[in-house]
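Visitor: I would like to learn how to read a model of this kind. Please take the features one at a time, with the general idea before the case.

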There are 2 protein chains.
Amino acid sequence: MEDEATRLRLVCVAAETFAELGWRDAAVVQVCARSGVDASDFYRLYDGVDDFFVSMYAARADELVASTIAALNEVILSVREGSLVDARDATRAVTRVFAAGALDRTWWILTTEYSLRAVRHPEVATSYIAARQEMRKGLGQAVRHALEMAGLDELVDSDRLVQLATAVHRGALADHFLEPGQVTLEDLDHLAWLALIDALT
Amino acid sequence: MEDEATRLRLVCVAAETFAELGWRDAAVVQVCARSGVDASDFYRLYDGVDDFFVSMYAARADELVASTIAALNEVILSVREGSLVDARDATRAVTRVFAAGALDRTWWILTTEYSLRAVRHPEVATSYIAARQEMRKGLGQAVRHALEMAGLDELVDSDRLVQLATAVHRGALADHFLEPGQVTLEDLDHLAWLALIDALT
(Lines give C-alpha, C1' and ligand atoms only; values in the text may rest on other atoms or scores of the structure.)
Protein backbone atom coordinates (compact mmCIF):
# COMPACT_ATOMS: atom_id res chain seq x y z
CA MET A 1 0.00 0.00 0.00
CA GLU A 2 2.73 2.37 1.01
CA ASP A 3 4.73 1.23 -2.01
CA GLU A 4 1.80 2.16 -4.24
CA ALA A 5 1.75 5.65 -2.74
CA THR A 6 5.51 5.99 -3.28
CA ARG A 7 5.21 4.87 -6.88
CA LEU A 8 2.47 7.40 -7.44
CA ARG A 9 4.51 10.23 -5.95
CA LEU A 10 7.44 9.36 -8.20
CA VAL A 11 5.34 9.06 -11.36
CA CYS A 12 3.60 12.37 -10.66
CA VAL A 13 6.78 14.42 -10.80
CA ALA A 14 8.85 12.24 -13.15
CA ALA A 15 7.44 13.18 -16.54
CA GLU A 16 7.68 16.90 -15.78
CA THR A 17 11.19 16.57 -14.42
CA PHE A 18 12.52 14.57 -17.36
CA ALA A 19 10.80 16.86 -19.85
CA GLU A 20 12.17 19.96 -18.20
CA LEU A 21 15.73 18.86 -17.57
CA GLY A 22 16.27 16.29 -20.28
CA TRP A 23 16.96 12.61 -19.83
CA ARG A 24 20.56 13.09 -18.91
CA ASP A 25 20.23 15.79 -16.29
CA ALA A 26 17.00 14.60 -14.73
CA ALA A 27 18.74 11.80 -12.93
CA VAL A 28 16.94 9.61 -10.46
CA VAL A 29 18.27 11.78 -7.67
CA GLN A 30 16.35 14.79 -9.06
CA VAL A 31 13.10 12.88 -9.38
CA CYS A 32 13.52 11.54 -5.85
CA ALA A 33 14.31 14.99 -4.44
CA ARG A 34 11.30 16.58 -6.10
CA SER A 35 8.91 13.85 -5.03
CA GLY A 36 10.32 13.56 -1.52
CA VAL A 37 11.09 9.89 -1.99
CA ASP A 38 14.27 8.34 -0.69
CA ALA A 39 16.60 7.03 -3.41
CA SER A 40 16.84 3.70 -1.61
CA ASP A 41 13.05 3.35 -1.92
CA PHE A 42 13.26 4.13 -5.61
CA TYR A 43 15.80 1.37 -6.16
CA ARG A 44 13.80 -1.07 -4.07
CA LEU A 45 10.77 -0.47 -6.34
CA TYR A 46 12.52 -0.20 -9.72
CA ASP A 47 15.51 -1.85 -11.34
CA GLY A 48 16.71 1.56 -12.44
CA VAL A 49 15.72 4.51 -14.54
CA ASP A 50 14.92 2.42 -17.62
CA ASP A 51 12.67 0.11 -15.67
CA PHE A 52 10.98 3.18 -14.19
CA PHE A 53 10.37 4.76 -17.60
CA VAL A 54 9.02 1.55 -19.11
CA SER A 55 6.61 1.07 -16.21
CA MET A 56 5.28 4.62 -16.78
CA TYR A 57 5.05 3.95 -20.50
CA ALA A 58 3.22 0.66 -20.02
CA ALA A 59 0.67 2.33 -17.74
CA ARG A 60 -0.05 5.01 -20.36
CA ALA A 61 -0.23 2.38 -23.09
CA ASP A 62 -2.80 0.41 -21.08
CA GLU A 63 -4.89 3.57 -20.75
CA LEU A 64 -4.71 4.20 -24.48
CA VAL A 65 -5.74 0.64 -25.31
CA ALA A 66 -8.62 0.84 -22.81
CA SER A 67 -9.95 4.11 -24.22
CA THR A 68 -9.61 2.81 -27.77
CA ILE A 69 -11.64 -0.26 -26.83
CA ALA A 70 -14.26 1.99 -25.20
CA ALA A 71 -14.46 4.23 -28.28
CA LEU A 72 -14.77 1.26 -30.60
CA ASN A 73 -17.43 -0.34 -28.40
CA GLU A 74 -19.46 2.83 -28.63
CA VAL A 75 -19.22 2.67 -32.41
CA ILE A 76 -20.26 -1.00 -32.42
CA LEU A 77 -23.20 -0.15 -30.19
CA SER A 78 -24.33 2.66 -32.50
CA VAL A 79 -24.20 0.28 -35.44
CA ARG A 80 -26.34 -2.26 -33.55
CA GLU A 81 -28.82 0.41 -32.57
CA GLY A 82 -29.11 1.28 -36.21
CA SER A 83 -27.74 4.79 -35.97
CA LEU A 84 -26.11 5.69 -39.22
CA VAL A 85 -22.44 4.90 -38.88
CA ASP A 86 -20.00 4.77 -41.75
CA ALA A 87 -16.25 4.25 -41.82
CA ARG A 88 -15.75 7.98 -41.41
CA ASP A 89 -17.64 8.05 -38.10
CA ALA A 90 -15.83 4.98 -36.85
CA THR A 91 -12.35 6.30 -37.61
CA ARG A 92 -13.34 9.69 -36.19
CA ALA A 93 -14.18 8.04 -32.89
CA VAL A 94 -10.83 6.27 -32.75
CA THR A 95 -8.74 9.25 -33.76
CA ARG A 96 -10.49 11.41 -31.18
CA VAL A 97 -9.18 9.02 -28.54
CA PHE A 98 -5.68 9.07 -30.00
CA ALA A 99 -5.65 12.84 -30.18
CA ALA A 100 -6.99 13.33 -26.65
CA GLY A 101 -4.35 11.08 -25.14
CA ALA A 102 -1.61 12.65 -27.17
CA LEU A 103 -1.89 16.37 -26.76
CA ASP A 104 0.39 16.26 -23.80
CA ARG A 105 3.59 18.11 -24.61
CA THR A 106 5.42 16.75 -21.57
CA TRP A 107 4.69 13.18 -22.53
CA TRP A 108 5.77 13.76 -26.13
CA ILE A 109 9.08 15.23 -24.99
CA LEU A 110 9.65 12.36 -22.58
CA THR A 111 8.92 9.57 -25.08
CA THR A 112 10.96 11.31 -27.77
CA GLU A 113 13.88 11.62 -25.37
CA TYR A 114 13.54 7.96 -24.53
CA SER A 115 13.37 6.96 -28.18
CA LEU A 116 16.69 8.70 -28.69
CA ARG A 117 18.09 6.84 -25.71
CA ALA A 118 16.77 3.54 -27.05
CA VAL A 119 18.28 4.08 -30.50
CA ARG A 120 21.60 5.16 -28.99
CA HIS A 121 21.70 2.29 -26.50
CA PRO A 122 19.81 -0.68 -27.93
CA GLU A 123 21.02 -2.78 -24.99
CA VAL A 124 18.71 -0.91 -22.59
CA ALA A 125 15.80 -0.76 -25.02
CA THR A 126 14.53 -4.33 -24.93
CA SER A 127 11.73 -3.79 -22.46
CA TYR A 128 10.68 -0.51 -24.06
CA ILE A 129 10.35 -2.24 -27.40
CA ALA A 130 8.43 -5.06 -25.75
CA ALA A 131 6.07 -2.50 -24.20
CA ARG A 132 5.53 -0.83 -27.58
CA GLN A 133 4.76 -4.18 -29.15
CA GLU A 134 2.41 -5.05 -26.29
CA MET A 135 0.53 -1.80 -26.88
CA ARG A 136 0.23 -2.44 -30.61
CA LYS A 137 -0.98 -5.96 -29.84
CA GLY A 138 -3.69 -4.56 -27.59
CA LEU A 139 -4.74 -1.99 -30.18
CA GLY A 140 -4.65 -4.67 -32.89
CA GLN A 141 -7.02 -6.91 -30.91
CA ALA A 142 -9.41 -4.02 -30.30
CA VAL A 143 -9.42 -3.04 -33.96
CA ARG A 144 -9.78 -6.65 -35.11
CA HIS A 145 -12.76 -7.12 -32.82
CA ALA A 146 -14.41 -3.99 -34.21
CA LEU A 147 -13.70 -5.07 -37.77
CA GLU A 148 -15.26 -8.48 -37.03
CA MET A 149 -18.38 -6.76 -35.78
CA ALA A 150 -18.45 -4.76 -39.00
CA GLY A 151 -17.84 -7.85 -41.11
CA LEU A 152 -14.61 -6.33 -42.44
CA ASP A 153 -12.06 -8.51 -40.66
CA GLU A 154 -11.30 -10.59 -43.72
CA LEU A 155 -10.48 -7.46 -45.69
CA VAL A 156 -8.25 -5.46 -43.37
CA ASP A 157 -5.08 -6.68 -41.70
CA SER A 158 -5.64 -5.07 -38.30
CA ASP A 159 -2.05 -5.53 -37.09
CA ARG A 160 -0.67 -3.82 -40.15
CA LEU A 161 -3.28 -1.07 -39.83
CA VAL A 162 -2.21 -0.43 -36.24
CA GLN A 163 1.47 -0.51 -37.15
CA LEU A 164 0.94 2.12 -39.83
CA ALA A 165 -1.51 4.23 -37.86
CA THR A 166 0.79 4.46 -34.83
CA ALA A 167 3.68 5.48 -37.10
CA VAL A 168 1.54 8.17 -38.71
CA HIS A 169 0.44 9.33 -35.30
CA ARG A 170 4.03 9.62 -34.04
CA GLY A 171 5.02 11.70 -37.06
CA ALA A 172 1.94 13.88 -36.82
CA LEU A 173 2.70 14.59 -33.17
CA ALA A 174 6.16 15.92 -34.00
CA ASP A 175 4.69 18.27 -36.61
CA HIS A 176 1.97 19.28 -34.19
CA PHE A 177 4.36 20.36 -31.46
CA LEU A 178 6.89 21.92 -33.83
CA GLU A 179 4.45 23.93 -35.89
CA PRO A 180 1.36 24.48 -33.76
CA GLY A 181 -1.62 25.46 -35.82
CA GLN A 182 -0.12 24.23 -39.09
CA VAL A 183 -1.30 20.69 -38.57
CA THR A 184 -4.46 19.55 -36.88
CA LEU A 185 -3.43 16.33 -35.28
CA GLU A 186 -6.88 14.80 -35.22
CA ASP A 187 -7.51 15.63 -38.86
CA LEU A 188 -4.19 14.21 -39.90
CA ASP A 189 -4.76 11.02 -37.94
CA HIS A 190 -8.26 10.73 -39.27
CA LEU A 191 -7.22 11.15 -42.86
CA ALA A 192 -4.47 8.62 -42.34
CA TRP A 193 -6.78 5.99 -40.80
CA LEU A 194 -9.30 6.42 -43.61
CA ALA A 195 -6.56 6.28 -46.20
CA LEU A 196 -4.93 3.27 -44.62
CA ILE A 197 -8.17 1.33 -44.35
CA ASP A 198 -8.81 2.15 -47.97
CA ALA A 199 -5.36 1.09 -49.08
CA LEU A 200 -5.24 -2.06 -46.99
CA THR A 201 -8.60 -3.37 -48.13
CA MET B 1 37.13 29.95 -50.68
CA GLU B 2 38.87 29.29 -47.41
CA ASP B 3 35.58 29.95 -45.64
CA GLU B 4 33.96 27.28 -47.76
CA ALA B 5 36.64 24.79 -46.73
CA THR B 6 36.14 25.70 -43.08
CA ARG B 7 32.39 25.27 -43.36
CA LEU B 8 32.90 21.87 -44.95
CA ARG B 9 35.26 20.73 -42.20
CA LEU B 10 32.75 21.78 -39.55
CA VAL B 11 29.79 20.13 -41.26
CA CYS B 12 31.72 16.89 -41.79
CA VAL B 13 32.23 16.26 -38.08
CA ALA B 14 29.19 18.05 -36.69
CA ALA B 15 26.44 15.52 -37.29
CA GLU B 16 28.50 12.67 -35.83
CA THR B 17 29.52 14.76 -32.83
CA PHE B 18 26.02 15.92 -31.98
CA ALA B 19 24.60 12.44 -32.51
CA GLU B 20 27.23 10.85 -30.30
CA LEU B 21 27.28 13.34 -27.46
CA GLY B 22 23.80 14.80 -27.57
CA TRP B 23 22.83 18.36 -28.29
CA ARG B 24 23.75 19.63 -24.87
CA ASP B 25 27.19 18.10 -24.48
CA ALA B 26 28.32 18.48 -28.09
CA ALA B 27 28.88 22.17 -27.68
CA VAL B 28 30.43 24.27 -30.41
CA VAL B 29 33.77 23.87 -28.68
CA GLN B 30 33.67 20.10 -29.25
CA VAL B 31 32.78 20.42 -32.91
CA CYS B 32 35.54 22.97 -33.39
CA ALA B 33 38.10 20.81 -31.58
CA ARG B 34 37.25 17.72 -33.65
CA SER B 35 37.32 19.58 -36.93
CA GLY B 36 40.41 21.61 -36.11
CA VAL B 37 38.58 24.86 -36.63
CA ASP B 38 39.12 27.83 -34.38
CA ALA B 39 36.02 28.84 -32.39
CA SER B 40 36.45 32.44 -33.54
CA ASP B 41 36.17 31.23 -37.16
CA PHE B 42 33.02 29.32 -36.27
CA TYR B 43 31.40 32.44 -34.84
CA ARG B 44 32.50 34.52 -37.79
CA LEU B 45 30.73 32.08 -40.15
CA TYR B 46 27.63 31.31 -38.08
CA ASP B 47 25.42 33.25 -35.72
CA GLY B 48 25.63 30.38 -33.28
CA VAL B 49 24.81 26.73 -32.91
CA ASP B 50 21.19 27.14 -34.06
CA ASP B 51 22.22 28.99 -37.20
CA PHE B 52 24.78 26.24 -37.82
CA PHE B 53 22.23 23.44 -37.46
CA VAL B 54 19.69 25.17 -39.69
CA SER B 55 22.27 25.72 -42.42
CA MET B 56 23.11 21.97 -42.33
CA TYR B 57 19.41 21.14 -42.36
CA ALA B 58 18.69 23.45 -45.29
CA ALA B 59 21.52 21.88 -47.32
CA ARG B 60 20.10 18.39 -46.72
CA ALA B 61 16.61 19.61 -47.54
CA ASP B 62 17.84 21.06 -50.85
CA GLU B 63 19.37 17.69 -51.70
CA LEU B 64 16.14 15.88 -50.88
CA VAL B 65 14.09 18.25 -53.03
CA ALA B 66 16.59 17.90 -55.90
CA SER B 67 16.52 14.10 -55.81
CA THR B 68 12.74 14.08 -55.56
CA ILE B 69 12.54 16.29 -58.66
CA ALA B 70 14.98 13.97 -60.47
CA ALA B 71 12.97 10.87 -59.50
CA LEU B 72 9.72 12.48 -60.60
CA ASN B 73 11.26 13.64 -63.88
CA GLU B 74 12.28 10.08 -64.60
CA VAL B 75 8.71 8.96 -64.01
CA ILE B 76 7.38 11.72 -66.28
CA LEU B 77 9.87 10.69 -68.97
CA SER B 78 8.80 7.05 -68.76
CA VAL B 79 5.19 8.09 -69.17
CA ARG B 80 6.05 10.14 -72.26
CA GLU B 81 8.05 7.28 -73.72
CA GLY B 82 4.99 5.16 -73.30
CA SER B 83 6.45 2.72 -70.79
CA LEU B 84 3.68 1.43 -68.61
CA VAL B 85 3.62 3.57 -65.51
CA ASP B 86 0.84 3.55 -62.96
CA ALA B 87 0.47 5.37 -59.67
CA ARG B 88 2.21 2.51 -57.91
CA ASP B 89 5.38 2.93 -60.00
CA ALA B 90 5.35 6.68 -59.55
CA THR B 91 5.02 6.57 -55.78
CA ARG B 92 7.61 3.80 -55.63
CA ALA B 93 10.10 6.08 -57.37
CA VAL B 94 9.45 8.89 -54.91
CA THR B 95 9.54 6.75 -51.79
CA ARG B 96 12.81 5.18 -52.93
CA VAL B 97 14.33 8.66 -52.85
CA PHE B 98 12.86 9.40 -49.43
CA ALA B 99 14.10 6.10 -48.03
CA ALA B 100 17.60 6.44 -49.50
CA GLY B 101 18.09 9.88 -48.00
CA ALA B 102 16.68 8.83 -44.69
CA LEU B 103 18.44 5.67 -43.67
CA ASP B 104 21.07 7.67 -41.93
CA ARG B 105 20.90 6.99 -38.22
CA THR B 106 23.16 9.91 -37.33
CA TRP B 107 20.97 12.36 -39.19
CA TRP B 108 17.82 10.98 -37.59
CA ILE B 109 19.31 11.35 -34.10
CA LEU B 110 20.45 14.88 -34.87
CA THR B 111 17.13 16.11 -36.26
CA THR B 112 15.22 14.42 -33.45
CA GLU B 113 17.47 16.10 -30.89
CA TYR B 114 16.89 19.40 -32.60
CA SER B 115 13.13 18.90 -32.71
CA LEU B 116 13.21 18.46 -28.96
CA ARG B 117 15.23 21.64 -28.65
CA ALA B 118 12.81 23.50 -30.92
CA VAL B 119 9.76 22.36 -28.93
CA ARG B 120 11.46 23.22 -25.63
CA HIS B 121 12.68 26.61 -26.83
CA PRO B 122 10.31 27.94 -29.49
CA GLU B 123 12.21 31.25 -29.44
CA VAL B 124 15.22 29.64 -31.20
CA ALA B 125 13.10 27.55 -33.57
CA THR B 126 11.91 30.19 -36.04
CA SER B 127 14.50 29.56 -38.72
CA TYR B 128 14.27 25.77 -38.33
CA ILE B 129 10.53 25.95 -38.89
CA ALA B 130 11.08 28.25 -41.88
CA ALA B 131 13.55 25.72 -43.33
CA ARG B 132 11.05 22.88 -42.84
CA GLN B 133 8.37 24.92 -44.58
CA GLU B 134 10.77 25.82 -47.40
CA MET B 135 11.50 22.11 -47.92
CA ARG B 136 7.81 21.22 -47.99
CA LYS B 137 7.25 24.05 -50.46
CA GLY B 138 9.98 22.65 -52.74
CA LEU B 139 8.55 19.15 -52.50
CA GLY B 140 5.05 20.50 -53.09
CA GLN B 141 6.12 22.25 -56.30
CA ALA B 142 7.84 19.10 -57.56
CA VAL B 143 4.83 16.95 -56.81
CA ARG B 144 2.43 19.49 -58.31
CA HIS B 145 4.47 19.62 -61.51
CA ALA B 146 4.42 15.82 -61.77
CA LEU B 147 0.69 15.73 -61.09
CA GLU B 148 0.14 18.34 -63.83
CA MET B 149 2.06 16.14 -66.26
CA ALA B 150 -0.17 13.26 -65.25
CA GLY B 151 -3.29 15.40 -65.55
CA LEU B 152 -4.07 14.82 -61.89
CA ASP B 153 -3.33 18.26 -60.48
CA GLU B 154 -6.98 19.23 -60.18
CA LEU B 155 -7.65 16.15 -58.09
CA VAL B 156 -4.84 16.09 -55.57
CA ASP B 157 -3.85 18.91 -53.24
CA SER B 158 -0.07 18.54 -53.54
CA ASP B 159 0.75 20.71 -50.51
CA ARG B 160 -1.50 18.66 -48.29
CA LEU B 161 -0.09 15.44 -49.76
CA VAL B 162 3.44 16.58 -48.94
CA GLN B 163 2.44 17.68 -45.45
CA LEU B 164 0.95 14.29 -44.71
CA ALA B 165 3.65 12.28 -46.44
CA THR B 166 6.46 14.00 -44.55
CA ALA B 167 4.64 13.40 -41.27
CA VAL B 168 4.21 9.72 -42.11
CA HIS B 169 7.85 9.53 -43.08
CA ARG B 170 9.00 11.07 -39.80
CA GLY B 171 6.92 8.57 -37.80
CA ALA B 172 8.08 5.65 -39.92
CA LEU B 173 11.69 6.62 -39.35
CA ALA B 174 11.30 6.47 -35.58
CA ASP B 175 9.81 2.98 -35.82
CA HIS B 176 12.50 1.96 -38.24
CA PHE B 177 15.36 2.90 -35.94
CA LEU B 178 13.68 1.67 -32.78
CA GLU B 179 12.59 -1.71 -34.09
CA PRO B 180 14.85 -2.54 -36.99
CA GLY B 181 13.42 -5.26 -39.17
CA GLN B 182 9.87 -4.79 -37.87
CA VAL B 183 9.07 -2.01 -40.30
CA THR B 184 10.34 -1.60 -43.81
CA LEU B 185 10.59 2.12 -44.19
CA GLU B 186 10.20 2.16 -47.94
CA ASP B 187 7.14 -0.10 -47.84
CA LEU B 188 5.56 1.99 -45.15
CA ASP B 189 6.21 5.22 -47.03
CA HIS B 190 4.99 3.69 -50.24
CA LEU B 191 1.79 2.43 -48.73
CA ALA B 192 1.24 5.81 -47.14
CA TRP B 193 1.75 7.75 -50.39
CA LEU B 194 -0.60 5.45 -52.26
CA ALA B 195 -3.14 5.65 -49.49
CA LEU B 196 -2.87 9.41 -49.22
CA ILE B 197 -3.22 9.97 -52.95
CA ASP B 198 -6.24 7.72 -52.85
CA ALA B 199 -7.78 9.51 -49.92
CA LEU B 200 -7.02 13.01 -51.16
CA THR B 201 -8.47 12.45 -54.62
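Guide: Start with confidence: pLDDT is the predictor's confidence in each residue, from 0 to 100. In this predicted model, chain A averages a pLDDT of 83, and 88% of the residues score at least 70. Local features here need pLDDT of at least 70 and side-chain atom pairs count only at pLDDT 80 or more, while totals for chains, interfaces and linings use all residues. Side-chain values use heavy atoms, with hydrogens and water left out; residues are numbered from 1 along each chain as its sequence is written, and chains are lettered from A and ligands numbered from 1 in the order in which they are written.

Visitor: Which elements of chain A have the lowest and the highest mean pLDDT?

Guide: Helices (H or I, at least four residues) and strands (E, at least two) are DSSP runs, numbered from the N terminus. In chain A the lowest mean pLDDT, 70, belongs to helix α9 (residues 185-200), and the highest, 93, to helix α3 (residues 39-45).

Visitor: Which residues touch the most other members of the largest nonpolar core?

Guide: A nonpolar core is a set of buried Ala, Val, Leu, Ile, Met, Phe, Trp, Tyr and Cys residues joined through side-chain atoms within 4.5 Å. Buried means under 20% relative accessible area, exposed over 50%, and partly exposed in between (1.4 Å probe, protein chains only). The largest core has 111 residues, and Phe52(A), Phe53(A), Phe52(B) and Phe53(B) touch the most other members. Its largest share, 12 residues, is supplied by helix α4 (residues 49-80) of chain A. Another core, of 14 residues, lies apart from it and includes Ala167(A), Leu164(B), Val168(B) and Ala172(B).

Visitor: What is Phe53(A) in contact with, leaving aside its neighbours within four places in sequence?

Guide: Contact means heavy atoms within 4.5 Å. With those neighbours left aside, Phe53(A) contacts Trp23(A), Leu110(A), Thr111(A), Tyr114(A) and Tyr128(A).

Visitor: Is Val94(A) buried or exposed?

Guide: Val94(A) counts as buried because its relative accessibility is 4%. Val94(A) belongs to helix α5 (residues 87-102) of chain A. Not counting residues up to four places away in sequence, Val94(A) touches Thr68(A), Leu72(A) and Trp193(A).

Visitor: How many salt bridges does the structure hold over all chains?

Guide: A salt bridge is a side-chain nitrogen of Lys or Arg within 4 Å of a carboxyl oxygen of Asp or Glu. Over all chains there are 22. One of them joins the side chains of Asp50(A) and Arg117(A), at 2.7 Å from N to O. This pair links distant parts of the chain, 67 residues apart: Asp50(A) is in helix α4 of chain A and Arg117(A) in helix α6 (residues 105-120) of chain A. Both residues, Asp50(A) and Arg117(A), are buried.

Visitor: Why does the pair of Arg120(B) and Glu113(A) join two chains?

Guide: Their side chains meet in a salt bridge of 2.7 Å, N to O. Arg120(B) lies in helix α6 (residues 105-120) of chain B and Glu113(A) in helix α6 of chain A, so the pair joins two chains. Glu113(A) counts as buried, at 13% relative accessibility.

Visitor: Which residues are linked in a network of salt bridges?

Guide: Arg132(A), Arg136(A), Asp175(B) and Glu179(B) are linked in such a network. As for Arg132(B), found in helix α7 (residues 126-149) of chain B, its relative accessible area is 6%, so Arg132(B) is buried. Beyond neighbours within four places in sequence, Arg132(B) is in contact with Asp175(A), Leu178(A), Glu179(A) and Tyr57(B).
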